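Let's take a walk through this structure together.

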Amino acid sequence: MTDVTGEWLIKGASIAGGQVVDIRLADGLIAAVGPGLSAGAAQVLDAAGLVALPGLVDLHTHLREPGREDAETVETGTRAAALGGFTAVHAMANTEPVADTAGVVEQVWRLGQQAGYVDVRPVGAVTVGLGGKQLAELGAMADSAARVRVFSDDGHCVADPLLMRRALEYVKAFDGVIAQHAQEPRLTEGAQLNEGEVASRLGLSGWPAAAEEAIIARDCLLAAHTGSALHVCHVSTAGSVEIIRWAKSKGWRVTAEVTPHHLLLTDDLAGGYDPVFKVNPPLRTPADVDALRAALADGTIDCVATDHAPHPVEAKEAEWAAAANGMTGLETALRVVQLAMVDTGLIDWAGVADRMSARPARIGRVAGHGQPVAAGGQAHITLYDPAAAPEAVEPATHASKSRNSPFAGMALPGRVVATFLRGTATVLDGKVTR
Amino acid sequence: MKRHLISAADLSREEAVLVLDTAEELASVAGRPIRKLPTLRGRTVVNLFYEDSTRTRTSFEAAAKRLSADVINFSAKGSSVAKGESLKDTALTLEAMGTDAIVVRHSASGAPHRLAGWVTGSVINAGDGTHEHPTQALLDAFTIRQRLGAAGGYSTSQPGPAGHSAVKGHNADLRGTGLDGVRVTIVGDILHSRVARSNVLLLSTLGAEVTLVAPPTLIPYAVASWPCKISYDLGAELGQSDVVMMLRVQHERMTAAYFPSIREYRRRYGLDADRMALLPEHAIVMHPGPMNRGVEIAAEVADSPRSSIVAQVANGVTVRMAVLYLLLGGAEETASEREALL
């Protein structure tokens, strides 16, 4: 019987695609890294051919609990996260009730601890009820047991420029960051799909790139003016990339994320009106995908974040306009990144470690995560087999409660073999350990 | 013919001409004392209308009844995911009742696509959101062929520019022909018009040269790939139009800042008697209805001999008969096989 919590010796893993070494885990820490370590009493995991990455950190996850346990719970969502190679996730605030008080964020944080698959870092709402009118008690959430550092009205844009300015300023007191869902509301009333050739043909209301870019440009200027930290959620257009590149060149405190689906999928997939491809921000054009990949490669976009957005079947089995926005993504993220970024030669595994672990951990202020796989660090490790034969995605087999994966039927390379959270194996041989 | 008619793009030129020719044959039935054919006896056609549209629904109903089909009108107005039965459950319900065809009108673009994935019968799009309305385009094409062909308005023997040079004889000669070289100008709220989208696709498939005219705010964002020209100047286009098709403009577009006022819209994009005088002598005026008299079309234009608006309505029934006949005809064999087993 495997003792998942005991000592482990990971034999012959390639650290972030580099040197092949053994890794010993003990007492929640990486006890030693080096060639030819002796097993002693530790259980041995043969990692020949596997890449060892620091445990992945997701800045953008919808766990749906409390309120929408029909779509996902903290338990099922974090199990899915572990299977995807994650050791920490940020739970978005658009729950029911909204995570806009210390009470709700502490509840989510505790549920995460009880589940034990990953560290759950609740995101606090910026405004009361995501209403965009009045600041939520950001300080109370920061001081709570959940120690919230990332605040977002995700799903809604903090559209009021004055409120956005105040939020950016206010969270400086506790080293917080505002993660903005950049969407100019007036320019996107009733919007259904990227405004372009496909939407025009399908007769779906357009979601113009300018509606995202205008908010990002405004927020970058506000971040500069206030000296505050802005994080841009799910960047989806080539124009947004240009604005963020410019803001970073000024030395402003701006960071950004891109989702796996925006790195791979395009708006022409909406041609059959299947709402599994309906998402906010919408799928864009091949030119946007190219720009996003290049930006992630050169670091303009800091990290990959899943925007894992589970929905029950009936929310997607509808006409396009009536269907919910969002896609699941935790269990496919690393494989999509391999296909879109690594197999294309844009980044190497060290780059993956940086964009999916180190940088998101830094942006989210997640202590202990995102550290290089080296002796003395907390033992958050993902073992990944990039040579695993491409296999078609089957949402029915996912640990997530929901099945709305846009990658269903797509052959994706690679396989998450094992995940360790603080030295405990949450995933072994591609399966959760409990 | 295919199983469904969801987009005008589903039709090849040959298929589109077949629909028009079949409609031509069926038109003769309308002239008989007993206007019924036994063709679809025992078949069930459901009119599933999520939006009010008395004219389209009654047109389909008349078409199905003239082919002796059983017709069920299923008015689902007001239904929504939040308030009532989902589209899928309605589809499964109709499927369980044994329907051969569902004629669907829905406010959401793409609803007929979804429906087609859930039922085994044929799905006919009777207008979906701001996407398409293919039977309207077919009846428009039929009307153009009939009106211009009868007037000798264009050459049917070979593709070429429209004009008076090719003198044609009678309607019967039109069978097998498309609309090669016919210059069609569609005017109005293109952005929100399912009629415009279907007409651009179908008329160009049939060889017509389509020009869309509207204020820039009412032209879809990305039309570069569409098989048509774009113009913002109605007066400049009328002199080279064999057909001008006026679309209904809704008052609520004004409040959404698509144009400043109805008065200004009428001045720049309305078809009045003065503008009508710019049209070539043989040119016809069309409107899919319902009209806003005094807005996009002046009363003297709507009631002029050039107007084909009443003919469009009459042709709507025969063209829809043709569509039902061709879509359901293909399933006949299966039905007789089923009977043989019983």
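**Chain A as a whole**

A compact globule of 434 residues would have a radius of gyration near 22 Å, and chain A has 21 Å, so the two agree. Keep in mind that you are looking at a predicted model. Taken along the principal axes, the box filled by the C-alpha atoms of chain A is roughly 65 × 45 × 45 Å.

What is chain A built from? It has 12 helices and 21 strands. Of the 434 residues in this chain, 60% are buried. Now think about which parts of the sequence meet in the fold. If you take the contacts in chain A between residues at least 6 apart in sequence, 75% of them join residues at least 24 apart.

**A pair of helices**

Next, find helix α6 (residues 209-226) of chain A and helix α7 (residues 238-249) of chain A. Their axes come within 9 Å and cross at roughly 10°. Angles under 35 degrees count as roughly parallel, and therefore α6(A) is roughly parallel to α7(A).

Which residues make this contact? From α6(A) come A:Ala209, A:Glu212, A:Glu213, A:Ile216, A:Ala217 and A:Cys220, while α7(A) brings A:Gly239, A:Ser240, A:Ile243, A:Ile244 and A:Ala247. By class, seven of the residues in the contact of α6(A) with α7(A) are nonpolar, two are polar and two are charged.

**Where the chains meet**

Zoom out now to see both chains. Here 17 residues of chain A are in contact with 23 residues of chain B. On the side of chain A that touches chain B, helix α5 (residues 197-202) of chain A gives the most, with three residues. That side of chain A has seven nonpolar, five polar and five charged residues.

**Two domains in chain B**

Finally, move over to chain B. Its domain assignment gives domain 1 (8-131 + 314-341) and domain 2 (134-309). Notice that domain 1 is written as two stretches of the chain.

Definitions and conventions:
Residues are numbered from 1 along each chain as its sequence is written. Chains are lettered from A and ligands numbered from 1 in the order in which they are written. This is a predicted model: local features need pLDDT of at least 70, side-chain atom pairs count only at pLDDT 80 or more; totals for chains, interfaces and linings use all residues. Domain bounds come from an automatic or database domain assignment. Axes are lines fitted to C-alpha atoms, for helices over the stretch in contact, and angles run from 0 to 180 degrees between N-to-C directions. Helices (H or I, at least four residues) and strands (E, at least two) are DSSP runs, numbered from the N terminus. Angles under 35 degrees count as roughly parallel, over 145 as roughly antiparallel, 65 to 115 as roughly perpendicular and the rest as oblique. Two residues are in contact if their C-beta atoms, placed from the backbone, lie within 7 Å. Ala, Val, Leu, Ile, Met, Phe, Trp, Tyr, Cys and Pro count as nonpolar, Asp, Glu, Lys and Arg as charged, and the others, Gly among them, as polar. The radius of gyration is taken over C-alpha atoms; the globule rule is 2.2 Å times the number of residues to the power 0.38. A residue is buried if 20 or more other C-beta atoms lie within 10 Å of its own, exposed if 12 or fewer, and partly exposed in between; C-beta atoms are placed from the backbone.
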